[in-house]
Amino acid sequence: MFEMTISGIFMVLMLLLISFLIIFACKPWRFLSGLRSSSLSAFKAGDLQRPLVSDDGNLVQGQTSELTREYDLEGACYQNEGLLHSSLIEECDYKDRIPSSSPHFNHGESLVVEVISEHFGDVSLGQTLKQQAEKGQLAEVKKSDWQDNQSQNLKHDRESDGLRELSLKPVKDKRSWLSLEVISGPSIGLQLSVDSTSTKLPVILGRVSPSHLLVKDAEVSGKHAQINWNSNKLKWELVDMGSLNGTSLNSRSVSHPDSGSRHWGDPVELASEDILTLGTTTKVFVCISNQNEYQMPFRIGVASDPMALRRGGRKLPMEDVCYYQWPLPGVDKFGLFGVCDGHGGSEAAQAASKFFPEILANILSDSVKRGKVLSQRDASDILRDAFSKTEACLDHLYEGCTATVLLVWEDGEEKFFAQCANVGDSACVINLDEKYIQMTEDHRLTSASERLRMQKVGLPLRDGESRLFGINLARMLGDKFLKQQDIRFSAEPYISEPVRLDQARDVFALLASDGLWDVVSVKKAVQLVLKMREEGGREDEAEEIANSLLREARTMRTKDNTSVVYLDFHI
């Protein structure tokens with residue numbers, strides 16, 4: 001009896017084994033792959049939006065695109081980024097995705113969302129995602145309407161490209177410039193500038209690449225918000241992209257009312273000096289300038305980094321400020337470019353960068369003074385006066401800053417000139433056909449010129465003395481208390497000789513704070529720029545050069561805030 005039981009069990013096991021082998025050989029699950037591909041074969045769109053720190057346990061899952069990609073949340077980068085190449089044309093305008101502004105949306109039961117095309121090279125993440133809409137949502141876009149919009153957008157892009165290929169003689173220009181600066185949060189000091197004709201639009205603000213303003217803040221979503229130029233209203237508009245922790249404009253929420261739905265908010269217009277808040281800690285200052293006069297005769301790239309972890313792992317506050325205006329308000333054919341490096345805080349640098357352009361524009365609004373600059377081709381008196389008045393406007397007792405400014409003007413005969421003035425150790429160099437000109441003077445106490453100046457006033461420095469009252473600069477703006485204590489401190493600027501720019505074939509200028517010059521020599525910086533220009537051809541070449549110099553300073557382990565302004569003249 002026992003042997004029969006054992007035999008029965010053995011037969012059952014054999015039958016089960018044979019059944020398993022038959023099922024494995026037939027592979028019936030392969031017929032289910034089509035049903036599963038939409039949810040398992042591609043990365044989840046929600047993962048790109050989810051912050052590192054999430055407070056929403058009910059995050060919608062299952063929205064997918066057709067592109068498979070491995071994403072590393074810890075490193076906030078794509079593992080196979082190196083396999084991708086340069087960018088495609090954007091596939092859709094953000095207005096097609098905002099229900100309130102599109103005439104092609106009707107009420108219904110489903111929603112088609114056109115996601116932004118990401119510039120990952122020859123691969124586009126812009127795909128159509130479908131999801132069921134709640135009652136009151138806006139409905140499906142007709143395919144024919146979408147194709148019509150696409151054709152119009154492509155035609156507009158070609159026409160815009162054609163306009164940009166015209167001669168760079170002064171022409172009427174309706175562009176608007178948008179400048180963003182992170183003023184609080186982990187990425188404080190981060191800056192971005194773009195104009196209304198840029199192919200980079202819309203500007204994406206987010207935590208992961210390829211966001212244009214890359215904010216390293218755990219409360220910021222992968223793609224948190226976007227800013228685009230509305231060519232119909234001639235206004236910049238902000239849209240929350242369904243971020244988890246929300247977006248505020250001047251302390252008022254612009255996110256979708258249903259915060260858990262991950263739906264986009266409605267577009268809201270931006271104005272200069274607005275404050276954007278991403279999550280709760282990152283604040284972004286907005287500056288908008290309208291270029292209604294003349295086209296810039298050059299390309300510009302701006303880059304800055306607090307280099308926050310370079311001094312023994314201790315975070316550094318961002319005290320550099322970069323700024324530029326072309327043309328100056330109310331003054332045609334004059335432009336100003338500057339770098340201020342603060343010490344003791346950033347308030348003096350921010351104040352100086354605000355006052356100086358206003359004061360200079362006010363001085364140049366005097367037709368007699370402006371005519372003198374144009375006729376003599378020398379702005380020394382104007383720059384000296386502007387420094388004096390800016391110093392008088394600063395009431396900072398215990399904060400100060402360097403100031404390096406480059407004034408560029410055109411004399412009416414298509415002849416361009418540049419002249420520089422500075423106090424402190426931020427420097428400017430101009431390259432003319434591979435021969436560079438140092439446009440500034442070093443005002444640290446260790447410089448021979450400053451030691452000689454102090455000797456002439458009867459108060460020479462002792463041998464080896466490199467600081468006064470703990471500071472290593474002899475000339476600066478602000479620091480009123482120090483100037484009251486010791487007359488050797490000064491705000492008198494060094495002013496360079498004017499340089500004519502249009503006689504040289506290869507002309508560019510570099511302005512940078514000492515974070516760059518402390519670790520990269522002028523000669524090496526110029527060589528790096530020349531090498532990149534030879535490899536050029538990119539539309540964003542100026543911006544890339546500025547960022548490359550920033551990376552070089554980082555590689556050389558600079559220990560200070562670093563800011564770079566690069567001007568590539570096309571004359």
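pLDDT is the predictor's confidence in each residue, from 0 to 100. This is a predicted model, in which local features need pLDDT of at least 70 and side-chain atom pairs count only at pLDDT 80 or more, while totals for chains, interfaces and linings use all residues. Residues are numbered from 1 along each chain as its sequence is written, and side-chain values use heavy atoms, with hydrogens and water left out.

**View 1. Confidence along the protein chain.** The chain averages a pLDDT of 75, and 70% of the residues score at least 70. Strand 25 (residues 494-495) has the highest mean confidence, at 98. Strand 1 (residues 71-72) has the lowest, at a mean of 30. Helices (H or I, at least four residues) and strands (E, at least two) are DSSP runs, numbered from the N terminus. Over residues 33-173, pLDDT stays under 50. For that stretch the model has 240 contacts (heavy atoms within 4.5 Å) beyond four places in sequence. Where pLDDT is low, the predicted coordinates should not be read in detail.

**View 2. A nonpolar surface patch.** Phe 10, Met 11, Met 14, Leu 17, Ile 18, Phe 20, Leu 21 and Ile 22 make a nonpolar patch of about 820 Å². Patch residues have over 30% relative accessible area and no salt bridge; like charges are joined within 9 Å, nonpolar side chains (Val, Leu, Ile, Met, Phe, Trp, Tyr) within 5 Å. Areas come from the Shrake-Rupley method with a 1.4 Å probe; for residues, only the protein chains shown count as cover. Leu 17 is found in helix 1 (residues 2-26). Leu 17 is partly exposed, at 44% relative accessible area. Buried means under 20%, exposed over 50%, and partly exposed in between (1.4 Å probe, protein chains only).

View 3. The whole structure has 0 disulfides (cysteine sulfur pairs within 2.5 Å). For Cys 322, the nearest cysteine sulfur is that of Cys 340, 8.9 Å away. Cys 322 is buried, at 12% relative accessibility. For Cys 340, the nearest is that of Cys 401, at 4.5 Å. Cys 340 is also buried, at 1%.

**View 4. Salt bridges.** The count comes to 25 salt bridges (a side-chain nitrogen of Lys or Arg within 4 Å of a carboxyl oxygen of Asp or Glu). Glu 492 meets Arg 384 at 3.5 Å, N to O. Glu 492 lies in the loop between helix 9 (480-485) and strand 25, and Arg 384 in helix 7 (residues 380-393), so the pair ties together parts 108 residues apart in sequence. Arg 488 pairs with Asp 486 at 2.9 Å, N to O. Both Arg 488 and Asp 486 are buried. Salt bridges with shared partners join Arg 299, Asp 506, Arg 533, Glu 541 and Asp 568 into one network.
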